[in-house]
Amino acid sequence: MRIVVDFDLCESNAVCMQIAPDLFEVRDDDFLYILNETPGEADRSRVQECVQRCPKQAISIADD
Amino acid sequence: MTAAPSAVTIVGASLAGLNAAEALRREGFDGPVTLIGAEDHPPYDRPPLSKQVLAGDWEPDRAALTDAEELAADGIEARLGVRAAALDLAARELTLDGGETVAFDSLVIATGARCRTLAGTEELAGVHVLRSLDDCLALRADLEAAPQRVVVVGAGFIGAEVAATARGRGLEVTLVEALPTPLGRVLGDEMGRVCAEVHRDHGVDLRTGVGVDAVEGGDRVQRVRLSDGSSVDADVVVVGIGVICNTEWLEGSGLSIDDGVVCDATCLAAEGVVAAGDVARWPNELFGETMRVEHWDNAAQQGAHAARRLLDPAVGPFTPVPWFWSDQYDRKIQLAGRVRPDDEVRVVAGSVEERRFAAIYGRAGRITGVLGFNRPRHVMRYRAMIEQRASFQEALAANF
Ligand SMILES: Cc1cc2nc3c(=O)[nH]c(=O)nc-3n(C[C@H](O)[C@H](O)[C@H](O)COP(=O)(O)OP(=O)(O)OC[C@H]3O[C@@H](n4cnc5c(N)ncnc54)[C@H](O)[C@@H]3O)c2cc1C
Ligand code: SF4
């Protein structure tokens with residue numbers, strides 16, 4: 001599983017960071033950083049929650 | 001209804017309704033799902049209507065939340081341009097505008113809210129409210145016609161965003177607010193003053209503590225007369241003075257209506273009937289308070305929660321920390337929690353002067369909220385503390 005963020009859509013509101021602070025971080029420069037792009041299967045449901053809750057629909061999961 | 005639903009009908013095809021439909025499918029519900037919506041458009045996102053779409057940066061299709069194909073692929077039957085007129089709980093039947101009756105098994109009420117208007121202005125060209133895509137396009141066309149002067153009535157979040165977007169288009173803007181400070185009743189006077197300064201910094205003529213006595217014109221609006229005796233010329237007026245819940249169709253249905261559809265802590269309004277989004281009033285056990293929340297995140301989460309509740313009576317209470325954002329000029333303002341204007345307020349990061357800060361609110365020893373100006377990281381960290389019912393002291397001592 002790979003986390004894909006469309007940074008043209010992302011507006012750094014940190015919703016994903018609240019759900020999974022170990023995977024996403026909005027830093028003081030106001031940009032979103034993906035801390036771990038390829039988390040294990042155990043994290044799938046949390047990443048799916050991020051996909052669903054991102055107000056900008058900027059996050060997707062690639063299974064490649 | 002203790003049995004699992006055989007079919008779900010959703011009234012209101014916007015954010016809460018769509019999230020309910022999608023959650024039903026995510027949870028594996030494979031019975032019929034019908035989405036009934038008064039608007040002709042498939043569900044779309046409202047926040048861009050006062051921002052990117054109004055500014056002309058986005059065409060309306062970028063605000064779409066889904067389309068006919070996606071709905072069909074999820075097996076969601078959408079009946080758009082159709083308004084529910086009445087609900088008969090005993091007969092488990094809806095009456096649609098035009099008289100058609102539709103039987104339902106389980107029901108999601110997600111009819112949201114509409115804008116309050118200024119009495120007597122409905123027929124006057126150039127006077128707008130902003131709730132729907134059609135409202136947005138009508139206002140956008142008027143702004144594109146390069147008016148001389150725009151007057152925005154009400155400096156709440158929608159009014160503030162419209163003022164900011166109109167300034168971004170280079171238009172002259174007067175923003176009229178009845179309260180002494182914009183959003184004072186939400187954020188308190190100190191933070192309300194910061195909002196006022198942001199508008200003034202951007203060249204908005206902000207008039208506070210004044211009401212509107214009359215909106216005057218012939219066929220088209222010409223001026224707004226204010227309660228301090230002054231008047232402001234206007235060729236476009238935008239009224240942003242709050243909303244009214246769309247619950248008229250539920251009158252006489254037996255559901256309890258009190259500025260919204262009254263639900264229990266799990267979003268249940270009656271057997272097999274749930275409500276979600278701007279129209280739902282429910283006791284949020286995290287705050288020990290009954291609330292109705294008019295925010296994007298709430299509509300999305302509550303739609304999903306209400307759908308899960310229909311499928312599984314064991315689904316517990318809905319206990320979110322309300323959160324929203326508002327984009328004004330180059331500031332991203334976020335508020336999380338449940339604040340009152342007389343809460344204690346402390347700036348915990350950055351400074352008000354640079355307009356980039358986080359402030360936390362406290363009451364009775366507990367952190368109640370966090371306000372951020374371009375501080376999304378801090379807002380989310382403190383939001384988590386609010387969720388954990390942290391004390392104000394703990395929150396003040398935290399270092400993010
Ligand atoms: C211009 C604007 C900007 C916003 N910006 C932000 C923002 O920046 N951040 C934020 O957090 N929130 C924002 N919001 C708030 C957010 O969009 C709302 O909280 C959200 O849309 C609520 O969703 P809902 O589905 O509950 O209701 P609504 O979106 O109001 O949808 C209800 C739907 O039900 C339909 N309906 C009503 N009555 C009937 C009936 N009898 N039969 C059938 N259908 C019916 C309506 O036509 C409508 O389509 C904004 C809102 C607006 C209007
Ligand atoms: S939730 Fe979406 S918009 Fe917000 S920071 Fe994460 S990816 Fe960006």
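**A charged surface patch on chain B**

Is B:Glu70 buried, partly exposed or exposed? In this predicted model, B:Glu70 has a relative accessibility of 42% and therefore counts as partly exposed, since that class lies between the buried limit of under 20% and the exposed limit of over 50%. B:Glu70 belongs to helix α3 of chain B, which covers residues 68-73. Together with B:Asp67, B:Glu69 and B:Asp74, B:Glu70 forms a patch of negative charge on the surface.

Helix α3 of chain B also contains B:Ala68. With a relative accessible area of 56%, B:Ala68 is exposed. The C-alpha atom of B:Ala68 lies 9.7 Å from that of B:Pro43, a residue 25 positions away along the chain.

**Salt bridges**

Over all chains, the structure contains 37 salt bridges. One of them joins the side chains of B:Glu161 and B:Lys51, with an N to O distance of 3.0 Å. B:Glu161 is in helix α5 (residues 157-168) of chain B, while B:Lys51 is in the loop between β2 (33-37) and α2 (52-55), so this pair ties together parts that are 110 residues apart in sequence. Both B:Glu161 and B:Lys51 are buried.

A salt bridge also links B:Asp297 to B:Arg383, their closest N and O atoms being 3.1 Å apart. Because B:Asp297 lies in helix α8 (residues 296-311) and B:Arg383 in helix α9 of chain B, the pair connects parts that are 86 residues apart in sequence. B:Asp297 and B:Arg383 are buried.

In the salt bridge between B:Arg223 and B:Glu216, the closest N and O atoms are 3.0 Å apart. B:Arg223 is partly exposed at 29% relative accessibility, and B:Glu216 is partly exposed at 21%. A network of salt bridges links A:Glu11, A:Lys56, B:Asp327 and B:Lys332.

**B:Arg377 and its contacts**

B:Arg377 is located in helix α9 of chain B, residues 376-387. Its relative accessible area is 12%, so B:Arg377 is buried. Leaving aside residues up to four places away in sequence, B:Arg377 touches A:Ala14, A:Met17, A:Glu25, A:Val26, A:Arg27, A:Asp28 and B:Phe400.

**Backbone angles in two loops**

Most residues other than glycine have a negative phi. B:Arg92, in the loop between β4 (84-88) and β5 (93-96) of chain B, has a positive phi near 45 degrees. B:Arg389 likewise has a positive phi, of about 55 degrees. B:Arg389 lies in the loop between α9 and α10 (392-397) of chain B and, at 45% relative accessibility, counts as partly exposed.

Key:
Residues are numbered from 1 along each chain as its sequence is written. Chains are lettered from A and ligands numbered from 1 in the order in which they are written. This is a predicted model: local features need pLDDT of at least 70, side-chain atom pairs count only at pLDDT 80 or more; totals for chains, interfaces and linings use all residues. Side-chain values use heavy atoms; hydrogens and water are left out. Patches are made of residues with over 30% relative accessible area and no salt bridge: like charges are joined within 9 Å, nonpolar side chains (Val, Leu, Ile, Met, Phe, Trp, Tyr) within 5 Å. Accessible areas come from the Shrake-Rupley method with a 1.4 Å probe; for residues, only the protein chains shown count as cover. A salt bridge is a side-chain nitrogen of Lys or Arg within 4 Å of a carboxyl oxygen of Asp or Glu. Lys and Arg count as positive and Asp and Glu as negative; His and the chain ends are not counted. The place of a charge is taken as NZ of Lys, CZ of Arg, CG of Asp or CD of Glu. Helices (H or I, at least four residues) and strands (E, at least two) are DSSP runs, numbered from the N terminus. Buried means under 20% relative accessible area, exposed over 50%, partly exposed in between (1.4 Å probe, protein chains only). Contact means heavy atoms within 4.5 Å.
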